[in-house]
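Reader: I have a structure open and would like to walk through it with you before I set anything up. Could you take my questions as they come?

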Amino acid sequence: MNTILITIISLCAIGIVSAVILYIVAQKFHVEEDPRIDTVEGLLPGANCGGCGYPGCRGLAEAIVKANDMEGLFCPVGGTACMKEIATALGREVSESAPKTAVVRCNGSCANRPRTNRYDGAPSCAVEHALYAGDTACTYGCLGCGDCVEACTFDAIHMEKTTGLPVVTDACVACGACVKSCPRSIIELRNRGPKERRIFVACVNKEKGGVARKACSAACIGCSKCVKECAFEAISIEKNLAYIDFIKCRLCRKCVAVCPTGAIHEINFPARKITPEVKEAEEAPEEKNTEPAAVNMPVPTAIVIAEKAATAGTIVVPEDSSVAKKAEEEKISEEEEVAEEEKKEISRKADRTSNEEIDFKI
Amino acid sequence: MLKSFKIGGIHPPENKWTADGKIEVLPVPEEVVIPLGQHIGAPATPLVQKGDRVKAGQPIGEAAGFVSAAVHSSVSGMVTAVEERPDAGGILRPVVVVKVEGDEWMEDINRSEKPEHNITASKEDILKAIGAAGIVGMGGATFPTRVKLSPPPGNTAELLIINGVECEPYLTADHRIMLERAEDIVVGTLILMKALEVKKAVIGIENNKPDAIGKLQGIASKVLGVEICPLKVKYPQGGEKQLIKAVTGKAVPSGALPIAVGAVVQNVGTALAVYEAVMKRKPLVERVVTVTGKSVKKPGNFLCRIGTPISKLIEAAGGLPTDAAKVIGGGPMMGRAMANPDAPVTKGTSGILILSEKEALRKPASNCIRCAKCVSVCPMGLEPYLLMDLSCHQLTERLEAEKVMDCIECGSCSFTCPSHRALLDYIRLGKSRTGAMIRNRKQ
């Protein structure tokens, strides 16, 4: 009985002493934290994706509260609505930022870009990119292993089986994780555009026109037809590659019609009408008439390349230790081995006896 | 008992079928493509232009910086292009293309077969000759030899180790030169000893080459300071650190160079190239390449000019077998599959291995079963399964703490994994990312 009592009393005493110490420490080392951080964090979506450039939502909340204005601070997931709420809560002006989405700038589907060899290494674009130029003749395009799909925490990107290319869906919040994960920098964040309408060059190949087209029939060949066509100076050509500035672009679609390889893509537009008021619409069919011939031309060459490579037997399995392992599993029959060993032994003896006498003067 | 390194190691099937055939001299091709970057470090700066006439052995690229090497024309003829062409991996690299006309060599090159054994050159002359000849490590790493022979201040070399291990399965190029050019290799070793000012050199050879051991022992016994060290067969004994451990019993500390334990390792091929550069003034313009594979008609070792298209070599070996599925540059463990069979032979091409689809294709990877086989075979004492996981999650700081930079990329882990996991592929990726992080931090 006495033991139990002593135990209870001593434990209580320890508890009280500890409580006092903790209270004093808590008072002495109290960190004053801005209560607004909690408020802002509550308003943020809580996805902790890092798309804003800060480590999680709390990181951004701290940065927002610390900063004087909202310049350069933007949550791509919550978008403008979320930023407006935060700005109102903090009594600030919100900086408008147009909603963005990821865009895959490659159209190297199996039909457009024939495979020249087979990649058999680890299924990762980063690994493949570090090893060699890829399994097609295009050294700039999509590798198709799906690093971007893995990086996406919003399930907004998936691999299309028929084309072997990633497809971005409306669920994209433009956090930029896929952009960072792509070793070939194919994915770009662009304005979503009115009614989700977008026009962009679906190619990143910087090779000269002929080389690019040989590798992929849908490559941008840097012919600058689109540049001449654009009335808003939205298109520029750098290193044989056209780029459409999404801020200057007015979505007139004229460039799409003149592109000889179909490298410029339009998304979410209604079907094209041939109206007399659009002068280019008349020109466009003309261009289109020449298009099949022009597009078809490089295809046979590309197939030749593919065939050549196929006969040359380049199934590419970069660096491969499992190779030797396979060989192990297919050992030559024991008899053969014994016979070979004997042969070798004989020749070794012969070599040993043929050692010559040499003088060295140093 | 024979010496070997202690930690890890594997025993892949050797398949050294080409060990008995003499080295064949490959005819000069019609056109050679000589890459300007055949070594670790900055690519050489071109010295010729389109339309220039060059002779065999004439410099066509000069070393661009300290860690770089000179490049020479391997043939005589006309320069038809100085441009970018795809290498074996399909990536564009600067090259010099020479259309062959005759076979005229630079006048000062001694092309006689007569052996030269009188080393009269001084240490400085030797280093200068090695630098001018553009010699790089011939084992495959292609590190400029001149740099390796200039120990950083504060370090002194005590021992030269000549690497005649050739632990890669299939390859026999080093084996054949040890048999056919044994004297020259020993003279090359003596030249390297003089350049390093060391008294002792050890030639390490695995015990599966008793003929080479016998032949070199016969020669070395007459020379002061050169020893032959037969080694137990184990992959990757040809790795620099593994070889030092096997020969001297000393372990190179993590992150340090072999010079930290007073050792300098050079390949037998390098010793031969040094002999030719110093005694015959012949730059590195040709090398021995093993062309082999189960269904190759005439596998063998070929002495070919640098820049010869690999397809020509395959032709010489009886053409591409019908069941060929993969062409690998180098051995099966550390070599790389080629996407472009017209890529040229470079200073580091030790072999061409042709495999059928059955031999070549990887099995589908499954989950890690935590058997720790990769840990027990890692010759650097690392934990490959962990490094792979960390690489997949891009945790570079932890990778650094787990010593990923010590990985020698030998592939023993991938070889031994019962789940066929691509351990090395990911570890190599993690290693390059960690390396980039470390470099960024230093800046």
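Reader: Let me start with a single side chain: is Lys222(B) buried or exposed, and why?

Author: Bearing in mind that this is a predicted model, Lys222(B) is exposed, because 12 other C-beta atoms lie within 10 Å, and a residue counts as exposed at 12 or fewer. Lys222(B) belongs to the loop that runs between helix 5 (210–220) and strand 11 of chain B.

Reader: And how far apart are Lys222(B) and Gln443(B), in sequence and in space?

Author: The two are separated by 221 residues in sequence, and their C-alpha atoms are 52 Å apart in space.

Reader: What joins strand 9 to strand 10 of chain B?

Author: Strand 9 (residues 159–164) and strand 10 (residues 200–206) of chain B run parallel and are joined by 6 bridges, and within that pairing Ile162(B) is opposite Ile203(B).

Reader: Changing topic, which residues touch the most other members of the largest nonpolar core?

Author: That core has 205 residues, and those touching the most other members are Ala219(A), Ile161(B), Leu216(B), Val274(B), Leu313(B) and Leu423(B). Helix 4 (residues 182–196) of chain B gives the most to the core, with 10 residues.

Reader: What is Ala219(A) in contact with, leaving aside its neighbours within four places in sequence?

Author: Its contacts beyond those neighbours are Cys138(A), Cys203(A), Asn205(A), Ala212(A), Arg213(A), Thr261(A) and Ala263(A).

Reader: Back to chain B, then: how is it divided into domains?

Author: The domain assignment gives domain 1 (27–100), domain 2 (123–280), domain 3 (286–356) and domain 4 (373–442). Between the C-alpha centres of domain 2 and domain 3 of chain B there are 25 Å, and the contact takes 14 residues from domain 2 and 16 residues from domain 3. On the domain 2 side, the largest share, 3 residues, comes from helix 3 of chain B, and by class that side has 8 nonpolar, 4 polar and 2 charged residues.

Reader: How many residues of helix 3 of chain B are buried, and which strands does the helix lie across?

Author: Helix 3 (residues 173–180) of chain B has 7 of its 8 residues buried, including Asp174(B), His175(B) and Arg176(B). The helix lies across strand 13 (286–292), strand 14 (300–305) and strand 17 of chain B, and runs at about 125 degrees to strand 13.

Reader: What sheet holds those strands?

Author: They are in an open sheet of 6 strands in chain B, ordered 1-14-13-17-15-16, with mixed pairing. Strand 15 (residues 324–329) and strand 17 (residues 351–356) of chain B run antiparallel and share 5 bridges, with Val327(B) opposite Ile354(B).

Reader: Last one, on chain A: how many of the residues of strand 1 are buried?

Author: In strand 1 (residues 100–104) of chain A, 5 of the 5 residues are buried, so the strand is largely enclosed by the rest of the structure. Lys100(A), Ala102(A) and Val104(A) cover one side, and Thr101(A) and Val103(A) are buried on the other. Strand 1 runs antiparallel to strand 5 (residues 187–191) of chain A, with 5 bridges between them, and Val103(A) is opposite Glu188(A).

Terms used
Residues numbered from 1 in each chain as written. Chains lettered and ligands numbered in written order. Predicted model: local features only at pLDDT ≥ 70, side-chain atom pairs only at ≥ 80, totals over all residues. Core = buried A, V, L, I, M, F, W, Y, C linked by C-beta atoms within 7 Å. Buried ≥ 20, exposed ≤ 12 C-beta atoms within 10 Å, placed from the backbone. Helix = DSSP H or I, 4+ residues; strand = E, 2+ residues; numbered from the N terminus. Contact = placed C-beta atoms within 7 Å. Pairing = 2+ DSSP bridges. Axes fitted to C-alpha atoms, helices over the stretch in contact; angles between N-to-C directions. Domains from an automatic or database assignment. Nonpolar A, V, L, I, M, F, W, Y, C, P; charged D, E, K, R; others polar.
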